[in-house]
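Please walk me through this structure, beginning with the place where its chains meet. I would also like to know which charged side chains pair up.

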Number of protein chains: 2
Amino acid sequence: MEGMSFSLSERQRKALSRIVGESHVLWREEDLLVYECDAYTLEKHLPTAVVLPGDPREVREVVRFCATEGLPIIPRGAGTSLSGSVAAVGGGVVVSLSRMRRILSIDPRNRRALVEAGCVNLHLTQAASRYGLVFAPDPSSQGACTIGGNVATNSGGPHTLRYGVTTNHVLGLELVLSDGQTVWLGVRPEEGDDAPGLDLRGVVIGSEGMLGIVTQVLVRLIPPPPARKTLLVAFPSVTEASRAVSAIIEAGIVPGALEMMDELIIRAVEATYQFGFPQGAGAVLIIELEGVPSGLDRLAAKVEDLCRKANACEVRVATTEKERNHLWKARKGAFGAVGRISPNYLTQDGVVPRSHLAEITGWIEACSKKYGVTIGNVFHAGDGNIHPLILYDEQDPDQVRRALAAGREILERCLELGGSVTGEHGIGLEKMDLLEKQFGAAELALMQALRRAFDPQGRCNPYKMFPSSRRCADFFPRRQIAA
Amino acid sequence: MEGMSFSLSERQRKALSRIVGESHVLWREEDLLVYECDAYTLEKHLPTAVVLPGDPREVREVVRFCATEGLPIIPRGAGTSLSGSVAAVGGGVVVSLSRMRRILSIDPRNRRALVEAGCVNLHLTQAASRYGLVFAPDPSSQGACTIGGNVATNSGGPHTLRYGVTTNHVLGLELVLSDGQTVWLGVRPEEGDDAPGLDLRGVVIGSEGMLGIVTQVLVRLIPPPPARKTLLVAFPSVTEASRAVSAIIEAGIVPGALEMMDELIIRAVEATYQFGFPQGAGAVLIIELEGVPSGLDRLAAKVEDLCRKANACEVRVATTEKERNHLWKARKGAFGAVGRISPNYLTQDGVVPRSHLAEITGWIEACSKKYGVTIGNVFHAGDGNIHPLILYDEQDPDQVRRALAAGREILERCLELGGSVTGEHGIGLEKMDLLEKQFGAAELALMQALRRAFDPQGRCNPYKMFPSSRRCADFFPRRQIAA
């Protein structure tokens, strides 16, 4: 199954070109290489072709053609996903939404926007800010990732703690099914905030492109809080910072964001952004408080007090909006900054109940020693969502093996502690066998049945998510692909 | 199909008694009468039997027995639903969860509780309040309705505006499928806040008991806001109050609740609760602001200013917690209070975009005149969720006809204005044909396919929700039922 690559017949190439235009059909190997993986670079699969439709009608026609030809389709946004969800395993036609990036309308009165699936997350928030509104989910990759991609992986971000993940901010969406039929799920653009019937919208969010191709999304916009106070607190160790996180949450305080970076990450980020992070600290917390201006001082004093009790060695407050933006830019650039200190790194994504944060950090440290790999830590600490960055050099197969083994052992520990193998990056290719450890056979069978309700042939983004997909038949149109 | 009633064979009765105990199987007509409808009293259907299991194991065994016998099953909570979702159309076994009302655990550290599906909404919030936490969805019926029922209809309440509906507060649930298999969907009790894979949890919420029987629910608890300020503002008319609602929302203020009652409702509520509502006002708004104490005064001043500009004639602030509770008790008792001034009433439930609130109230008034029926209005105004209460006397068939026609015309206008035929009460029996006006054939077919993925025979709560269910075969096990 893996490592195959097919070429498109001339007839197929011409048919696709007639729909989207010749320049929007890629089929030469040198053009396809860019699409052989996402940010999970450990597995590579060359697609049969890439098509770039310009509007929902073109998407429908491409999908209908692929249905006739028996070709698998793989929807793709910006390719920033981190677990191989957009890899063309076994070949197939990648349908890139990157040309469909328009904001179709912003309705400030009803606080919503209608966007094309390829719209970049940050562009939406920039456009909405003219009306004093924002799109709440703010992944670190927000400068590149698309709303359609956010839908596919139910993306979070630092502000998930207070505002929830993508599903909480998507009212409705247009989906092209694998047979080319188009449905609108959830609330329509001209409708009120409620849709009756079964929540098909919800099931598409987080489905990693396996139920169809999302072409348009109706999102909820929210006003930013009246005021914010952003604290940067340094601790001698990750354990002590973890203790402060627990204390803040248990005091009933829900910050807008509550992020942790460990020593290695602080160093990498400082080298790139020169923010002036306290060097030598074992960990820092970024704590963003929100509310009406007059109440924030007292809240901040309480948080500072809780941090001091947990042994904080320094507490700083961002005094200007510029300083706040600089701090967030540094935090969101953490993954990229690590690229300066290591040729490659594996971004892991796991979840533990918040009460086990200190325990999992101890485990990560032990894994780092056991496998002889360096591991940095950036956490959405308030959510218990950990992101260990495991450094390696892909030129050294033994390092790759050790990095993978360490990542695996960390995720298995997350499960033992009652957590999850992914918080926001999805299952994709990377974690297919782990899904089986988290769910029973009955639950997985029900998920498969639901998928078949949307896509009876399993032709949309096959060989992903479900453990059985790797081993058994998920979709076998081999001869047709080569036709 | 309708108006049938079957008797349980002695063999079947004995088999069910062996599972749940003889006193927990009801089969005599006089015992079944209580279960012939929910709060939608216009259609009545006598079930074949009612069983009251005491734990999930008994539910499983009852369901397995019904599967063997080909009997439909109808899950039921407190029966406070308002659109006939629990009616036993064509007969079948009602599985009442009312004995399964325990709170199994409260975990204040991770802010969650595990409850049995029959747990009463208010009991959960009372138990959680010992830890300074609440369960956010607070329907008016919260003193009686169950968490399982909240899941079935994705219940809201006055505080939905800020905190969202039931789906935002349910992490996971146990579901017994129509063949007796048990699955856990979403986050498990011992797990962190995220579950990977397809969101089956979400699709069950709002499915009105058609995908299986929910037996246990893992809910999210939240701390109440640090402080509240509850305003009661009187206006000369509903139109002016609607204008104030728009102004508040457009100013970027998100109150905890923003409710409207019209003159008729004020009168009914005052007669029952003697709160001291401003008599003679055309409408009142209840506006609950939340935040840190020091910021609330300024926020309240701003809201008062916006109300005055919209022509408010009186602004009062609840000065004590007791006064606040009294006000909410009166608001939540509004439906019941209307019982004092009319022998019967039909509670409608529709949604319009907030910007059309004034328009729909004008339409309701016109319908009231056109059909010669009195209509009171209680709104979740901030959500655009209207509840016209249409008064009638069931002894007079012509009044019934006119009440139904007025309700229908109001909902059709909601659709025309881009709204929905239900905000929180569900489709049930009442609105089956309206679902067809809101969705296309492809969307409905997908919902049906999804239902079949859970319940291939359509034996769980049949003849509901889908327009085709009334006309065509939803489930036809007639001879088996009578066996």
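Between chain B and chain A there are eight residue pairs in polar contact, both residues of a pair being at pLDDT 80 or more; the model is a predicted one. On the side of chain B that touches chain A, six elements each supply at least two residues: β8 (182-186), α7 (200-204), α8 (238-250), α10 (293-309), α15 (432-438) and α16 (441-454). The largest share, nine residues, comes from α16(B). Sorted by type, the residues on this side of chain B are 33 nonpolar, 22 polar and 13 charged.

The size of an interface is often given as the accessible area lost when the parts come together. For chain B and chain A this buried area is about 5,400 Å², and carbon and sulfur atoms give 59% of it. Pro196(B), Leu198(B) and Leu446(B) supply 14% of the area that chain B buries against chain A, more than any other three residues. In the contact, 68 residues come from chain B and 68 residues from chain A.

Next come the charged pairs. Side chains of opposite charge can pair when their charged atoms come close. Over all chains the structure holds 52 salt bridges, and four are found across the interface of chain B and chain A. In one salt bridge, Arg109(A) pairs with Glu250(B), with the closest N and O atoms 2.7 Å apart. Another joins Arg109(B) to Glu250(A), at 2.7 Å from N to O. This pair crosses between chains: Arg109(B) sits in the loop between β5 (103-107) and β6 (112-116) of chain B, and Glu250(A) in helix α8 (residues 238-250) of chain A. Arg109(B) is partly exposed, with a relative accessible area of 40%, and Glu250(A) is partly exposed as well, at 47%.

Other salt bridges stay inside one chain. In chain A, Glu290(A) and Arg162(A) meet at 3.4 Å, N to O. Glu290(A) lies in strand β12 (residues 283-291) and Arg162(A) in helix α6 (residues 160-163), so the pair ties together parts of chain A that are 128 residues apart in sequence. Glu290(A) counts as buried because its relative accessibility, 6%, is under 20%. Arg162(A), at 33%, counts as partly exposed.

In chain B, a salt bridge of 2.8 Å, N to O, joins Glu69(B) and Arg11(B). Glu69(B) is in helix α3 (residues 56-69) and Arg11(B) in helix α1 (residues 10-20), 58 residues apart. Glu69(B) is buried, with a relative accessible area of 13%, whereas Arg11(B) is partly exposed at 46%.

Salt bridges can also form a network, as with Arg228(A), Glu288(A), Glu321(A) and Arg324(A).

Conventions
Residues numbered from 1 in each chain as written. Chains lettered and ligands numbered in written order. Predicted model: local features only at pLDDT ≥ 70, side-chain atom pairs only at ≥ 80, totals over all residues. Heavy atoms only, no water. Contact = heavy atoms within 4.5 Å. Buried area = accessible area lost by both parts, 1.4 Å probe. Salt bridge = Lys/Arg side-chain N within 4 Å of Asp/Glu carboxyl O. Polar contact = N/O pair within 3.5 Å; in protein donor to acceptor, adjacent residues only side chain to side chain. Helix = DSSP H or I, 4+ residues; strand = E, 2+ residues; numbered from the N terminus. Nonpolar A, V, L, I, M, F, W, Y, C, P; charged D, E, K, R; others polar. Buried < 20%, exposed > 50% of the residue type's maximum accessible area, 1.4 Å probe, protein only.
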